[in-house]
Amino acid sequence: RFDSRSTASEFFGSIYGDAHWCADAVNRGYDSILFRAETSHYVVHESRRDRDLTELVVCTGACASEELCGVCPPLELRTGAEASERCQCDETGGMLNCGAGRASAPACEESDSLSQTSMVAALAPTPLPSSPPSPHPPPRCYVRFDRSMFGRAGIGDITGKLATCAAFASMWGCVAAVPPPRETLSESHNDGRRVDASLWWDIYWKIDPTTLTRSAPTDGRVQRLSDQVPDGAYMRQWLLQRDGEVPVLELSFPSRDFWSDLHAEFALRTAASPTAPHARLTPVFTWELSALALRVGGDVIADLFGRYASCADDQSCPNACMHLRMGDMITEGRYPAGCTDVAAVARNAASLQRSTNSSRIFVMTDERRPAYLSSLRSALSQIYGTVRFEVDFDWEGRDLPNDNYFRMHALRAACNSFSALRANLEYHPKNLCNAGGRQLVDRTSTGRDWLPWRGRALECVRCS
(Lines give C-alpha, C1' and ligand atoms only; values in the text may rest on other atoms or scores of the structure.)
Protein backbone atom coordinates (compact mmCIF):
# COMPACT_ATOMS: atom_id res chain seq x y z
CA ARG A 1 0.00 0.00 0.00
CA PHE A 2 1.21 3.48 -0.90
CA ASP A 3 0.35 6.83 0.67
CA SER A 4 -0.27 8.31 -2.78
CA ARG A 5 0.17 7.71 -6.48
CA SER A 6 3.31 9.85 -6.47
CA THR A 7 4.85 7.57 -3.84
CA ALA A 8 4.01 4.55 -6.00
CA SER A 9 5.53 6.28 -9.01
CA GLU A 10 8.81 6.72 -7.11
CA PHE A 11 8.76 3.05 -6.04
CA PHE A 12 8.09 1.67 -9.51
CA GLY A 13 10.46 4.17 -11.09
CA SER A 14 8.03 5.51 -13.66
CA ILE A 15 7.94 8.97 -15.20
CA TYR A 16 5.59 7.89 -17.99
CA GLY A 17 2.47 6.93 -16.02
CA ASP A 18 1.19 3.72 -14.47
CA ALA A 19 0.93 1.38 -17.47
CA HIS A 20 3.64 -1.03 -16.29
CA TRP A 21 2.92 -1.00 -12.54
CA CYS A 22 0.82 -4.18 -12.50
CA ALA A 23 3.39 -6.21 -14.43
CA ASP A 24 6.08 -4.99 -12.04
CA ALA A 25 3.94 -5.80 -8.99
CA VAL A 26 3.15 -9.33 -10.20
CA ASN A 27 6.82 -9.96 -10.90
CA ARG A 28 7.52 -8.93 -7.29
CA GLY A 29 4.93 -11.44 -6.00
CA TYR A 30 1.93 -9.14 -5.40
CA ASP A 31 -1.57 -9.50 -6.82
CA SER A 32 -2.83 -5.94 -6.26
CA ILE A 33 -1.78 -2.37 -5.50
CA LEU A 34 -3.38 -0.01 -2.96
CA PHE A 35 -3.22 3.79 -2.96
CA ARG A 36 -4.47 6.19 -0.35
CA ALA A 37 -6.81 8.24 -2.53
CA GLU A 38 -8.07 10.83 -0.06
CA THR A 39 -6.30 13.71 -1.77
CA SER A 40 -6.76 12.51 -5.34
CA HIS A 41 -8.72 14.97 -7.47
CA TYR A 42 -10.81 12.19 -9.04
CA VAL A 43 -12.14 10.85 -5.69
CA VAL A 44 -14.80 12.84 -3.82
CA HIS A 45 -16.78 11.18 -1.02
CA GLU A 46 -20.44 12.05 -0.72
CA SER A 47 -19.95 13.35 2.84
CA ARG A 48 -17.27 15.82 1.64
CA ARG A 49 -15.18 14.66 4.61
CA ASP A 50 -12.02 12.61 4.88
CA ARG A 51 -12.98 8.93 4.84
CA ASP A 52 -9.54 7.36 4.36
CA LEU A 53 -10.58 6.27 0.87
CA THR A 54 -8.39 3.75 -0.90
CA GLU A 55 -7.98 2.98 -4.59
CA LEU A 56 -7.43 -0.71 -5.33
CA VAL A 57 -5.83 -1.90 -8.56
CA VAL A 58 -6.25 -5.65 -9.17
CA CYS A 59 -3.37 -7.09 -11.19
CA THR A 60 -4.27 -10.78 -11.51
CA GLY A 61 -7.23 -12.99 -12.42
CA ALA A 62 -9.99 -11.90 -14.76
CA CYS A 63 -9.37 -8.23 -14.01
CA ALA A 64 -5.99 -8.56 -15.69
CA SER A 65 -7.11 -10.70 -18.62
CA GLU A 66 -10.61 -9.47 -19.56
CA GLU A 67 -11.78 -6.09 -20.81
CA LEU A 68 -14.23 -4.59 -18.31
CA CYS A 69 -17.24 -2.64 -19.49
CA GLY A 70 -19.50 -1.66 -16.61
CA VAL A 71 -19.30 -1.04 -12.89
CA CYS A 72 -19.05 -4.62 -11.53
CA PRO A 73 -15.61 -6.26 -11.81
CA PRO A 74 -15.31 -10.00 -12.65
CA LEU A 75 -14.27 -11.18 -9.18
CA GLU A 76 -15.77 -12.03 -5.80
CA LEU A 77 -16.70 -8.98 -3.73
CA ARG A 78 -17.19 -8.89 0.04
CA THR A 79 -18.53 -6.29 2.46
CA GLY A 80 -19.25 -5.92 6.20
CA ALA A 81 -16.88 -6.16 9.14
CA GLU A 82 -13.74 -8.03 8.12
CA ALA A 83 -15.39 -8.82 4.76
CA SER A 84 -17.82 -11.20 6.48
CA GLU A 85 -20.72 -10.78 4.01
CA ARG A 86 -21.09 -11.45 0.32
CA CYS A 87 -21.55 -8.44 -1.93
CA GLN A 88 -23.87 -8.72 -4.94
CA CYS A 89 -22.98 -5.85 -7.25
CA ASP A 90 -25.82 -4.24 -9.24
CA GLU A 91 -24.72 -3.44 -12.79
CA THR A 92 -27.33 -0.67 -13.06
CA GLY A 93 -25.71 1.31 -10.24
CA GLY A 94 -23.62 4.33 -11.09
CA MET A 95 -20.53 3.01 -9.36
CA LEU A 96 -19.23 -0.14 -7.68
CA ASN A 97 -21.87 -1.20 -5.13
CA CYS A 98 -23.39 -4.01 -3.11
CA GLY A 99 -26.93 -3.75 -4.49
CA ALA A 100 -27.63 -0.29 -3.11
CA GLY A 101 -26.63 1.86 -6.04
CA ARG A 102 -28.78 4.94 -6.33
CA ALA A 103 -27.46 6.42 -9.54
CA SER A 104 -28.24 4.85 -12.88
CA ALA A 105 -25.37 3.75 -15.07
CA PRO A 106 -25.30 4.73 -18.75
CA ALA A 107 -25.34 1.98 -21.35
CA CYS A 108 -22.03 0.17 -21.42
CA GLU A 109 -19.90 1.05 -24.44
CA GLU A 110 -17.11 -1.16 -25.73
CA SER A 111 -14.79 1.81 -25.66
CA ASP A 112 -15.26 2.27 -21.92
CA SER A 113 -12.10 1.35 -20.06
CA LEU A 114 -11.37 -0.31 -16.76
CA SER A 115 -9.70 2.86 -15.50
CA GLN A 116 -13.11 4.58 -15.41
CA THR A 117 -14.34 2.31 -12.62
CA SER A 118 -13.41 3.18 -9.02
CA MET A 119 -12.91 0.07 -6.90
CA VAL A 120 -13.59 0.70 -3.22
CA ALA A 121 -14.92 -2.68 -2.04
CA ALA A 122 -12.89 -5.34 -0.27
CA LEU A 123 -11.26 -7.97 -2.47
CA ALA A 124 -11.35 -11.61 -1.48
CA PRO A 125 -7.83 -13.09 -1.51
CA THR A 126 -6.82 -14.23 -4.97
CA PRO A 127 -4.25 -17.02 -5.23
CA LEU A 128 -1.11 -15.89 -7.01
CA PRO A 129 -0.11 -17.78 -10.13
CA SER A 130 2.68 -20.25 -9.44
CA SER A 131 4.76 -18.66 -12.19
CA PRO A 132 3.61 -15.20 -13.37
CA PRO A 133 3.47 -15.06 -17.17
CA SER A 134 6.14 -12.88 -18.75
CA PRO A 135 4.76 -9.75 -20.45
CA HIS A 136 7.60 -9.95 -22.99
CA PRO A 137 7.76 -12.20 -26.08
CA PRO A 138 10.68 -14.65 -26.30
CA PRO A 139 13.79 -13.20 -27.98
CA ARG A 140 14.34 -14.01 -31.65
CA CYS A 141 18.13 -13.99 -31.20
CA TYR A 142 20.90 -13.19 -28.72
CA VAL A 143 24.20 -11.37 -29.02
CA ARG A 144 26.43 -12.42 -26.15
CA PHE A 145 29.24 -10.03 -25.26
CA ASP A 146 32.24 -11.61 -23.56
CA ARG A 147 33.61 -9.85 -20.48
CA SER A 148 36.88 -9.24 -22.37
CA MET A 149 35.11 -6.25 -23.94
CA PHE A 150 34.44 -4.62 -20.58
CA GLY A 151 37.48 -4.96 -18.37
CA ARG A 152 36.99 -3.42 -14.92
CA ALA A 153 36.03 0.21 -14.42
CA GLY A 154 33.60 2.54 -12.68
CA ILE A 155 29.91 2.42 -13.42
CA GLY A 156 29.94 5.39 -15.81
CA ASP A 157 32.50 3.73 -18.06
CA ILE A 158 30.80 0.32 -17.92
CA THR A 159 27.36 1.81 -18.56
CA GLY A 160 28.68 3.38 -21.77
CA LYS A 161 29.75 -0.06 -22.95
CA LEU A 162 26.40 -1.59 -21.98
CA ALA A 163 24.64 1.08 -24.04
CA THR A 164 26.75 0.18 -27.07
CA CYS A 165 25.96 -3.52 -26.65
CA ALA A 166 22.23 -2.89 -26.24
CA ALA A 167 22.02 -0.54 -29.24
CA PHE A 168 23.86 -2.94 -31.55
CA ALA A 169 21.87 -6.02 -30.54
CA SER A 170 18.47 -4.33 -30.60
CA MET A 171 19.09 -2.97 -34.08
CA TRP A 172 18.86 -6.59 -35.29
CA GLY A 173 15.95 -7.48 -33.01
CA CYS A 174 18.23 -9.37 -30.58
CA VAL A 175 18.78 -9.20 -26.84
CA ALA A 176 22.25 -8.35 -25.55
CA ALA A 177 23.59 -10.88 -23.02
CA VAL A 178 26.15 -9.08 -20.87
CA PRO A 179 28.30 -9.88 -17.83
CA PRO A 180 26.95 -9.02 -14.36
CA PRO A 181 28.22 -6.11 -12.23
CA ARG A 182 30.51 -8.38 -10.21
CA GLU A 183 32.56 -9.22 -13.30
CA THR A 184 32.92 -5.66 -14.58
CA LEU A 185 32.70 -3.02 -11.83
CA SER A 186 35.96 -2.00 -10.22
CA GLU A 187 36.65 -2.72 -6.55
CA SER A 188 38.49 0.61 -6.25
CA HIS A 189 35.18 2.51 -6.13
CA ASN A 190 33.68 0.04 -3.66
CA ASP A 191 36.11 0.16 -0.73
CA GLY A 192 38.16 -2.64 -2.25
CA ARG A 193 35.21 -5.06 -2.29
CA ARG A 194 33.83 -7.01 -5.22
CA VAL A 195 30.17 -6.31 -5.98
CA ASP A 196 27.87 -8.97 -4.54
CA ALA A 197 27.45 -11.90 -6.92
CA SER A 198 23.64 -11.82 -6.62
CA LEU A 199 23.27 -8.28 -7.99
CA TRP A 200 22.19 -7.55 -11.54
CA TRP A 201 22.14 -4.23 -13.38
CA ASP A 202 18.51 -3.62 -12.42
CA ILE A 203 19.67 -2.73 -8.90
CA TYR A 204 21.11 0.46 -10.43
CA TRP A 205 19.03 1.05 -13.55
CA LYS A 206 15.55 0.39 -14.82
CA ILE A 207 16.37 -2.43 -17.24
CA ASP A 208 14.18 -3.53 -20.15
CA PRO A 209 14.53 -7.35 -20.31
CA THR A 210 14.06 -7.22 -24.07
CA THR A 211 17.25 -5.15 -24.23
CA LEU A 212 19.70 -6.63 -21.70
CA THR A 213 19.76 -10.09 -20.15
CA ARG A 214 22.03 -12.10 -17.89
CA SER A 215 22.64 -15.05 -20.18
CA ALA A 216 21.94 -16.63 -23.55
CA PRO A 217 21.15 -20.27 -24.37
CA THR A 218 24.18 -22.53 -24.63
CA ASP A 219 22.53 -25.66 -26.01
CA GLY A 220 21.46 -24.30 -29.37
CA ARG A 221 23.25 -22.84 -32.38
CA VAL A 222 26.12 -20.64 -31.13
CA GLN A 223 28.38 -18.77 -33.54
CA ARG A 224 31.56 -17.09 -32.30
CA LEU A 225 33.60 -14.12 -33.52
CA SER A 226 36.83 -12.86 -31.96
CA ASP A 227 38.13 -9.28 -32.26
CA GLN A 228 35.64 -8.52 -35.05
CA VAL A 229 32.54 -6.31 -35.15
CA PRO A 230 30.11 -7.97 -37.61
CA ASP A 231 28.85 -5.84 -40.46
CA GLY A 232 25.34 -5.78 -41.92
CA ALA A 233 25.98 -8.53 -44.47
CA TYR A 234 27.30 -10.86 -41.79
CA MET A 235 24.35 -10.21 -39.46
CA ARG A 236 21.74 -10.78 -42.19
CA GLN A 237 23.36 -14.05 -43.22
CA TRP A 238 23.60 -15.18 -39.59
CA LEU A 239 19.91 -14.50 -38.98
CA LEU A 240 18.91 -16.40 -42.14
CA GLN A 241 20.52 -19.59 -40.79
CA ARG A 242 18.19 -19.99 -37.85
CA ASP A 243 16.98 -23.53 -38.68
CA GLY A 244 14.15 -23.24 -36.18
CA GLU A 245 16.49 -22.45 -33.28
CA VAL A 246 17.12 -19.18 -31.46
CA PRO A 247 20.56 -18.20 -32.72
CA VAL A 248 23.30 -16.90 -30.43
CA LEU A 249 26.22 -14.80 -31.64
CA GLU A 250 29.10 -14.62 -29.17
CA LEU A 251 31.50 -11.69 -29.53
CA SER A 252 34.82 -11.48 -27.68
CA PHE A 253 37.54 -8.87 -27.96
CA PRO A 254 40.65 -10.07 -26.10
CA SER A 255 43.06 -7.88 -28.11
CA ARG A 256 41.15 -4.62 -28.55
CA ASP A 257 40.55 -1.66 -26.26
CA PHE A 258 36.97 -0.44 -26.19
CA TRP A 259 37.19 3.35 -26.01
CA SER A 260 40.32 3.86 -28.13
CA ASP A 261 39.38 1.40 -30.87
CA LEU A 262 36.27 -0.73 -30.54
CA HIS A 263 33.60 1.88 -29.78
CA ALA A 264 34.25 3.75 -33.05
CA GLU A 265 33.83 0.57 -35.09
CA PHE A 266 30.55 -0.30 -33.37
CA ALA A 267 29.29 3.21 -34.16
CA LEU A 268 30.44 2.84 -37.78
CA ARG A 269 28.71 -0.53 -38.19
CA THR A 270 25.49 0.84 -36.72
CA ALA A 271 25.50 3.88 -39.00
CA ALA A 272 26.30 1.74 -42.03
CA SER A 273 23.38 -0.66 -41.52
CA PRO A 274 20.25 1.43 -42.19
CA THR A 275 18.52 -1.65 -43.60
CA ALA A 276 18.74 -3.58 -40.34
CA PRO A 277 15.26 -4.75 -39.26
CA HIS A 278 15.11 -2.36 -36.32
CA ALA A 279 17.62 0.31 -37.37
CA ARG A 280 15.09 3.12 -37.09
CA LEU A 281 13.65 1.76 -33.85
CA THR A 282 16.94 1.41 -31.97
CA PRO A 283 16.23 3.07 -28.62
CA VAL A 284 18.19 5.90 -27.08
CA PHE A 285 19.47 4.55 -23.79
CA THR A 286 18.92 7.19 -21.13
CA TRP A 287 19.37 4.86 -18.16
CA GLU A 288 16.64 5.75 -15.71
CA LEU A 289 17.44 5.08 -12.07
CA SER A 290 16.04 1.88 -10.60
CA ALA A 291 12.86 1.84 -8.51
CA LEU A 292 14.87 0.86 -5.43
CA ALA A 293 17.32 3.73 -5.92
CA LEU A 294 14.42 6.18 -6.26
CA ARG A 295 12.74 4.83 -3.13
CA VAL A 296 15.91 4.96 -1.03
CA GLY A 297 16.70 8.44 -2.36
CA GLY A 298 13.30 9.57 -1.10
CA ASP A 299 14.01 7.96 2.27
CA VAL A 300 17.31 9.86 2.54
CA ILE A 301 15.66 13.26 2.06
CA ALA A 302 12.69 12.41 4.31
CA ASP A 303 14.99 11.28 7.14
CA LEU A 304 17.41 14.20 6.91
CA PHE A 305 15.11 17.10 6.06
CA GLY A 306 11.56 15.94 6.73
CA ARG A 307 8.89 14.14 4.77
CA TYR A 308 7.80 17.09 2.66
CA ALA A 309 11.22 18.67 2.05
CA SER A 310 11.51 17.83 -1.66
CA CYS A 311 10.54 20.59 -4.07
CA ALA A 312 12.62 20.00 -7.19
CA ASP A 313 9.98 21.38 -9.57
CA ASP A 314 9.24 24.50 -7.57
CA GLN A 315 11.00 27.65 -8.78
CA SER A 316 10.98 29.02 -5.23
CA CYS A 317 12.54 25.83 -3.85
CA PRO A 318 14.94 26.72 -0.98
CA ASN A 319 17.05 23.58 -1.43
CA ALA A 320 20.51 23.11 -2.93
CA CYS A 321 22.58 20.00 -3.54
CA MET A 322 26.35 19.68 -3.93
CA HIS A 323 28.24 16.63 -5.13
CA LEU A 324 31.81 16.98 -3.86
CA ARG A 325 33.90 14.40 -5.73
CA MET A 326 37.04 13.54 -3.77
CA GLY A 327 38.54 10.03 -3.50
CA ASP A 328 40.27 9.12 -6.75
CA MET A 329 40.15 12.74 -7.91
CA ILE A 330 42.52 13.57 -5.03
CA THR A 331 44.83 10.57 -5.34
CA GLU A 332 45.15 11.11 -9.10
CA GLY A 333 45.96 14.79 -8.61
CA ARG A 334 43.05 15.95 -10.75
CA TYR A 335 42.36 19.08 -8.68
CA PRO A 336 44.78 22.03 -8.55
CA ALA A 337 46.46 22.58 -5.19
CA GLY A 338 44.07 24.02 -2.63
CA CYS A 339 40.94 23.49 -4.72
CA THR A 340 39.37 21.06 -2.25
CA ASP A 341 40.41 22.95 0.87
CA VAL A 342 37.42 23.75 3.07
CA ALA A 343 37.77 27.48 2.35
CA ALA A 344 37.63 26.92 -1.42
CA VAL A 345 34.62 24.59 -1.22
CA ALA A 346 32.83 27.04 1.07
CA ARG A 347 33.42 29.91 -1.37
CA ASN A 348 31.78 27.93 -4.17
CA ALA A 349 28.89 26.96 -1.89
CA ALA A 350 28.40 30.63 -0.96
CA SER A 351 28.30 31.56 -4.65
CA LEU A 352 25.64 28.89 -5.20
CA GLN A 353 23.61 30.22 -2.27
CA ARG A 354 23.70 33.79 -3.58
CA SER A 355 22.64 32.66 -7.05
CA THR A 356 19.71 30.52 -5.86
CA ASN A 357 18.74 32.14 -2.54
CA SER A 358 18.73 28.65 -1.04
CA SER A 359 18.62 28.01 2.70
CA ARG A 360 19.20 24.24 2.89
CA ILE A 361 21.97 22.17 1.33
CA PHE A 362 22.53 18.44 0.97
CA VAL A 363 26.14 17.35 0.43
CA MET A 364 26.95 14.02 -1.18
CA THR A 365 30.64 13.21 -1.05
CA ASP A 366 32.94 10.21 -0.94
CA GLU A 367 35.20 12.03 1.53
CA ARG A 368 35.30 10.26 4.89
CA ARG A 369 37.95 12.08 6.97
CA PRO A 370 36.12 13.11 10.14
CA ALA A 371 38.18 16.27 10.67
CA TYR A 372 37.58 17.46 7.10
CA LEU A 373 33.83 16.76 7.23
CA SER A 374 33.50 18.49 10.60
CA SER A 375 35.35 21.57 9.35
CA LEU A 376 33.30 21.69 6.12
CA ARG A 377 30.04 21.29 8.03
CA SER A 378 30.96 24.19 10.27
CA ALA A 379 31.85 26.40 7.28
CA LEU A 380 28.65 25.56 5.38
CA SER A 381 26.56 26.22 8.50
CA GLN A 382 27.67 29.83 8.29
CA ILE A 383 26.10 30.03 4.81
CA TYR A 384 23.02 27.76 5.00
CA GLY A 385 20.42 27.42 7.71
CA THR A 386 20.30 23.63 7.38
CA VAL A 387 23.25 21.46 6.34
CA ARG A 388 23.09 17.69 5.92
CA PHE A 389 25.68 15.22 4.61
CA GLU A 390 25.12 11.78 3.15
CA VAL A 391 26.93 10.29 6.15
CA ASP A 392 24.12 11.63 8.35
CA PHE A 393 21.78 9.05 6.88
CA ASP A 394 21.71 5.78 8.80
CA TRP A 395 22.53 3.18 6.15
CA GLU A 396 23.07 0.43 8.69
CA GLY A 397 20.23 -1.85 9.74
CA ARG A 398 18.45 -1.41 6.41
CA ASP A 399 17.94 -4.22 3.95
CA LEU A 400 19.98 -2.51 1.23
CA PRO A 401 22.88 -3.65 -0.96
CA ASN A 402 26.21 -3.07 0.78
CA ASP A 403 27.47 -1.48 -2.37
CA ASN A 404 28.91 1.99 -3.02
CA TYR A 405 27.63 2.01 -6.60
CA PHE A 406 24.06 1.54 -5.43
CA ARG A 407 24.53 4.14 -2.69
CA MET A 408 25.70 6.65 -5.28
CA HIS A 409 22.61 6.00 -7.40
CA ALA A 410 20.31 6.43 -4.40
CA LEU A 411 22.05 9.71 -3.53
CA ARG A 412 21.64 10.93 -7.11
CA ALA A 413 17.94 10.20 -6.79
CA ALA A 414 17.90 12.09 -3.47
CA CYS A 415 19.45 15.20 -5.03
CA ASN A 416 17.24 15.03 -8.12
CA SER A 417 14.10 15.08 -5.98
CA PHE A 418 15.39 17.52 -3.35
CA SER A 419 16.64 20.51 -5.31
CA ALA A 420 15.77 22.39 -8.48
CA LEU A 421 17.93 22.02 -11.56
CA ARG A 422 19.39 25.48 -11.06
CA ALA A 423 20.63 24.59 -7.57
CA ASN A 424 22.80 21.54 -8.33
CA LEU A 425 26.56 22.02 -8.01
CA GLU A 426 28.87 19.34 -9.32
CA TYR A 427 32.21 19.96 -7.56
CA HIS A 428 34.42 18.00 -9.92
CA PRO A 429 37.61 18.68 -11.91
CA LYS A 430 35.63 18.65 -15.17
CA ASN A 431 33.75 21.73 -13.94
CA LEU A 432 36.83 23.84 -13.14
CA CYS A 433 36.97 27.39 -14.47
CA ASN A 434 39.49 28.45 -17.06
CA ALA A 435 41.08 31.87 -17.10
CA GLY A 436 37.98 33.34 -18.72
CA GLY A 437 35.71 32.08 -15.96
CA ARG A 438 34.12 29.34 -18.05
CA GLN A 439 34.04 25.62 -17.49
CA LEU A 440 36.78 23.59 -19.13
CA VAL A 441 34.15 21.03 -20.19
CA ASP A 442 30.78 22.34 -21.39
CA ARG A 443 28.36 19.56 -20.45
CA THR A 444 25.48 21.27 -22.24
CA SER A 445 26.98 20.11 -25.53
CA THR A 446 27.69 16.53 -24.44
CA GLY A 447 24.30 15.83 -22.85
CA ARG A 448 23.71 14.20 -19.51
CA ASP A 449 26.38 12.42 -17.60
CA TRP A 450 25.91 8.63 -17.56
CA LEU A 451 24.39 9.02 -14.13
CA PRO A 452 21.06 10.87 -14.32
CA TRP A 453 22.25 14.09 -12.73
CA ARG A 454 19.70 16.84 -13.33
CA GLY A 455 21.91 19.35 -15.08
CA ARG A 456 25.43 20.60 -14.56
CA ALA A 457 26.99 23.04 -12.13
CA LEU A 458 25.23 26.39 -12.10
CA GLU A 459 28.62 28.04 -12.02
CA CYS A 460 32.03 26.56 -12.69
CA VAL A 461 34.20 25.59 -9.73
CA ARG A 462 36.65 28.30 -8.72
CA CYS A 463 39.77 27.16 -6.89
CA SER A 464 40.98 30.61 -5.84
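**Entry 1: around helix α11.** I began by looking up what covers the buried residues of α11, and my list includes α4 (155–171), α7 (291–305), β11 (319–324), β12 (360–365) and β14 (424–427). A reminder to myself: this is a predicted model.

How many of the 15 residues of α11 are buried? I found eleven, so I call this helix mostly covered, with buried meaning under 20% relative accessible area. Among them are Tyr 405, Phe 406, His 409, Leu 411, Cys 415 and Phe 418. Arg 412 and Asn 416 are on my buried list too.

**Entry 2: length and start of α11.** Next I checked the span of α11, residues 404–418.

Which residue caps the N-terminal end of α11? I found Asp 403 there, with a side-chain oxygen 3.0 Å from the backbone nitrogen of Tyr 405.

I also looked at Arg 407, which lies over the face of Trp 395, 4.4 Å from the ring centre.

**Entry 3: aromatic rings.** Then I turned to ring pairs, taking centres within 6.5 Å as the cut-off. By this rule I get nine aromatic pairs. One of them is Phe 145 with Phe 266, a tilted pair at 6.3 Å centre to centre and 50° between the planes. Phe 145 sits in strand β6 (residues 142–145) and Phe 266 in helix α6 (residues 258–271), so their pair ties together parts 121 residues apart in sequence.

Are Phe 145 and Phe 266 buried or exposed? I noted both as buried. Together with Phe 168 and Phe 253, they form one aromatic cluster.

Note on methods. Residues are numbered from 1 along each chain as its sequence is written. This is a predicted model: local features need pLDDT of at least 70, side-chain atom pairs count only at pLDDT 80 or more; totals for chains, interfaces and linings use all residues. Side-chain values use heavy atoms; hydrogens and water are left out. Rings of Phe, Tyr and Trp (its six-membered ring) pair if their centres lie within 6.5 Å; planes under 30 degrees apart count as stacked, over 60 as edge-to-face and the rest as tilted. Helices (H or I, at least four residues) and strands (E, at least two) are DSSP runs, numbered from the N terminus. Buried means under 20% relative accessible area, exposed over 50%, partly exposed in between (1.4 Å probe, protein chains only). A charge sits over a ring if NZ of Lys or CZ of Arg is within 6 Å of the ring centre and within 35 degrees of the ring normal. Contact means heavy atoms within 4.5 Å. A polar contact is a pair of N or O atoms within 3.5 Å; within protein, one must be able to donate a hydrogen and the other to accept it, and residues adjacent in sequence count only if both atoms are side-chain atoms.
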